[in-house]
Amino acid sequence: MERTTIDLWVGIFVAAGIAALLFLAMKVGNFGGFQAASTYSVQASFDNIGGLKARAPVKSAGVVVGRVSEIRFDNERFQAVAVLTLDQSFAFPKDTSASIMTSGLLGEQYIALDAGAEETMLAEGDALKITQGAVVLENLIGQFLYSKSEEEAAALDGQ
Amino acid sequence: MVLKGINLSARQGQVIAIMGSSGCGKTTLLKLISGALKPTQGVLRVAGEDLVGLDQAGVYRLRRRLGMLFQFGALFTDMTVFDNVAFPLREHTDLPPDMVRDMVLLKLEAVGLRGAAELYPSELSGGMARRVALARSVALDPGLILYDEPFAGLDPIALGVIGDLIRRLTDTLGLTSLVVTHDVQESLKIVDYVYFISEGVIVAEGRPDELRASEIPYVHQFVHGEAEGPVSYHYPAPSYQADLGMGHV
Amino acid sequence: MFDAITRTLRRLGSRTVNTLWRMGVATRFFGLTLLHSGTAFRRPQLILKEIFSTGVLSLIIIVVSGLFVGMVLGLQGYQTLQTYGSEEALGILVALSLVRELGPVVAALLFASRAGSAITAEIGLMKATEQLAAMEMMAVDPVARVVAPKFWGAVISMPLLAAMFSAMGIFGGYLVGVVLIGVDEGSFWSQMQAAVDVREDVMNGVIKSVVFGVAVTIIALFEGYDAPPTAEGVSRATTRTVVTSSLAILALDFVLTAIMFRGV
């Protein structure tokens, strides 16, 4: 085989391979999404994050506006702290609230932001004041049973 | 221990043959000379260098002044004839491509195969492949060429051509040729001196005409190709009767 | 009875010793190859030639297999997901299984049988026809001139082939899922993009294929270099290359998966 033919084929091969890698990175994966755009980070503390994981989406009105970049435990307040990386193009008021929600039946958890009404906007490093942690099934059932028994007790008292 | 004390010397411009029946240690001798094996004891000098104490780099340095023709040529099957002959030049020199080309064509012309330069080894006959291999082994103008069974498996015409070529290259390039072979008739025609090896020792040596007339039983058997002699036709075995169970009858 | 046990134990022992010894030699061979890679990098033309014979010549089988594997995934995945009413997750299923597992693993298995066996046969034949010995006689180190370029050529080809396999597979899944069955195109891609992470999934897939490439190539090279210089020896070595490297791929895949996707 001629040397130039080999060079040509190897060139085509390597180009196709790199194209495939780029396809996997850009079209299949979420590269070029939020990592590439400029972002800012805010913190949100939760009593319980449930099954929330790093890289989970942050949505507002159902639209993805950022991702959870880090989750850690605050050993002074005994709370979970999630660092949210938000796209610079979305600005939220200071009194925006964050809550952990579950999407679909399969139960992927995400953070939903509810915009507040204040004039000043969130900036890099700010903390969200109003948060709602994940709903834990056991707590829910516990609450339900507790309120039921309270109701019954009240009914008995009333008699 | 295959070889037990061989005293062998070769001068420039000579074709030396080393003969012996298969398995007598001829190939071992070639490996020793080329540095592929180290002798367990003794002295081994090739081109003035002591091979015993030589490291890998030293062996490689020595081999650049050494050519070797393998039994079936050992051409690189993925390269053309031209690239095969150019291989040692490209590996060991920084010559510009057109100079490499000239040298390769020169060597190929010497073996009469300049026209076959663009063929692949699979397209060559056995004799042609060996001629190309010969051109490749002289590419770097070595002082010594070793031939491992250069006549094996060739038709009579190719045999004559190769024999002739070995003689002619040795004379014109002023090399020393060391031919390991068991082809008596062909080699006796072209060599200057013959060593006979049997069971690791030299049993006879001399010029071809001396050996043809030799009365040493082993040499006589070998030169004339007789079935019985010092080398027995039968592999050592217990007596035939005993093996057939007839001893008990 | 006692004899039989001793014999079995002895056979087991000799096999163990043999295997360990071969692994030791192979490791040393690997080290030698790395050590003698200088020539290959000084003469990239040698590596290019090997990329051609391992990569370019494996292209067809990789692309076609990738397409079909992806199409089957699309079909089977749809059947299963449909029962849960979540056909939109087809993109996730196809992409994640290809990028994380099937791409690197199946491409490496194909690579072992296509390129690995060819490497073993080529080196084995070069040894059987004394080409390696001839090279050494010309004061050229066969490890530096033949083995190392083949090693690097194959190691460069492998991740590229695996990426092409995955990309073709996703395209095949898209063909069956979206074009043929009619899953919503938007959710196919967007769900996929939301679930596939570049670092966690794509990069780990690439790392896997590099590791597999090294393993397959070194096994193929070693088997060829170590083969008895006969026709039978070379053919056996070729078979051994395919068997050993397939097992190595699957075993390594388990180990790598356990390390990489532990936290997810």
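The model is predicted, so local features need pLDDT of at least 70 and side-chain atom pairs count only at pLDDT 80 or more, while totals for chains, interfaces and linings use all residues. Residues are numbered from 1 along each chain as its sequence is written, chains are lettered from A and ligands numbered from 1 in the order in which they are written, and side-chain values use heavy atoms, with hydrogens and water left out.

**Contact between chains A and C**

Chain A contributes 24 residues and chain C 28 residues to the contact, where contact means heavy atoms within 4.5 Å. About 2500 Å² is buried between the two chains, and carbon and sulfur atoms give 77% of that area. Buried area here is the accessible area (1.4 Å probe) that two parts lose on being put together, summed over both. Helix 1 (residues 3-28) of chain A gives the most to the side of chain A that touches chain C, with 18 residues. Helices (H or I, at least four residues) and strands (E, at least two) are DSSP runs, numbered from the N terminus.

By class, that side of chain A has 16 nonpolar, three polar and five charged residues. The nonpolar class holds Ala, Val, Leu, Ile, Met, Phe, Trp, Tyr, Cys and Pro, the charged class Asp, Glu, Lys and Arg, and the polar class the others, Gly among them. Between chain A and chain C there are zero salt bridges, a salt bridge being a side-chain nitrogen of Lys or Arg within 4 Å of a carboxyl oxygen of Asp or Glu.

**Sheet in chain A**

Chain A has an open sheet of eight strands in the order 7-1-4-3-2-6-5-8, with mixed pairing. Strand 7 (127-128) and strand 8 (130-132) of chain A stand at the edges with a single partner strand each, so one side of each is left without a neighbour in the sheet. Two strands pair if DSSP finds at least two bridges between them. Strand 5 (residues 97-103) and strand 6 (residues 108-114) of chain A run antiparallel and are joined by seven bridges. Met101(A) stands opposite Tyr110(A) in strand 6 of chain A.

Over all chains, the whole structure has 21 salt bridges.

| Pair | Closest N to O distance |
|---|---|
| Glu223(C) and Arg22(C) | 3.1 Å |

Glu223(C) in helix 9 (residues 198-226) and Arg22(C) in helix 1 (residues 2-35) of chain C are 201 residues apart, and their pair links distant parts of the chain. Glu223(C) is buried at 5% relative accessible area, whereas Arg22(C) is partly exposed at 25%. Buried means under 20% relative accessible area, exposed over 50%, and partly exposed in between (1.4 Å probe, protein chains only).

Asp253(C) lies in helix 10 (residues 231-260) of chain C and Lys208(C) in helix 9, so their pair ties together parts that are 45 residues apart in sequence. Asp253(C) is buried at 9%, and Lys208(C) is buried at 0%.

Arg240(C) lies in helix 10 of chain C, so its pair with Glu223(C) in helix 9 ties together parts 17 residues apart in sequence. Arg240(C) is partly exposed at 33%. Arg22(C), Glu223(C), Asp226(C) and Arg240(C) are joined into one network by salt bridges that share partners.
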